[in-house]
Every structure is written in structure tokens, then in C-alpha cells.
Amino acid sequence: MGWWGHLGAPKQRGIAIYALSPYEQRAFAGALHQAVFNTFRRVTGQAFYIAVPMGAAYGLYSWGKQNHQWRLSKEGHAHYGGDDH
């Protein structure tokens, strides 16, 4: 009777053993570097679809706020025929 794994049985054939080098086991090697540049690429690719509607919404909001303030003024009341109380 042999030691563990060598119990006196006939030699096995057709068994392949694979091993990885420690240098091949770096699963996240460069992941942070790639994530930064991939995120930048994806954001710049979508920036046009976000920036244009946001700019239009901001322009509409600022125009509406300015127009509301003007309509509350004396000049706005006179232009639109507001109450003369």
C-alpha cells in the first residue's frame, strides 16, 4: 500500500492536468484603468442626448421666470391691461 494518492492501483491514462501561472490569475488587472476610459467614452457618446434637452429646459425655465417677473412689474401690467387698483 502506497502513500495518499498512490494506493497501488494501475497508472491512469488520458488524464490531463492544467495549471495557471500566478501571472495569468490577475482577473482584475487593469480593470480600474479600463473602467475610467470606458466610462468617459460612454458619457461623451451620450452627452449630446442629455445636454441638448437639459439646455432647452433651462432656457425655457429661465425665460418663464423672467417673463413672470416682468408681468408682475408696472410695465407688464400696463402692457397687458392689468387691474388699476
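Me: Where does leucine 7 lie relative to helix 1?
Reply: This is a predicted model: local features need pLDDT of at least 70, side-chain atom pairs count only at pLDDT 80 or more, and totals for chains, interfaces and linings use all residues. Residues are numbered from 1 along each chain as its sequence is written, and side-chain values use heavy atoms, without hydrogens and water. Helices are DSSP runs of H or I, at least four residues, and strands are runs of E, at least two, numbered from the N terminus. Leucine 7 is in the segment before helix 1.

Me: How far apart are the C-alpha atoms of leucine 7 and phenylalanine 40?
Reply: Along the chain, these residues are 33 residues apart. Their C-alpha separation is 59 Å.

Me: Is isoleucine 50 buried or exposed?
Reply: Isoleucine 50 sits in helix 1, residues 31-72. Buried means under 20% relative accessible area, exposed over 50%, partly exposed in between (1.4 Å probe, protein chains only). Isoleucine 50 has 54%, so the residue is exposed.

Me: What does leucine 7 count as by relative accessibility?
Reply: Its relative accessibility is 48%. Leucine 7 therefore counts as partly exposed.

Me: What box do the C-alpha atoms fill?
Reply: The box is taken along the principal axes. Of the 85 residues, 2% count as buried. The box is roughly 115 × 25 × 20 Å.
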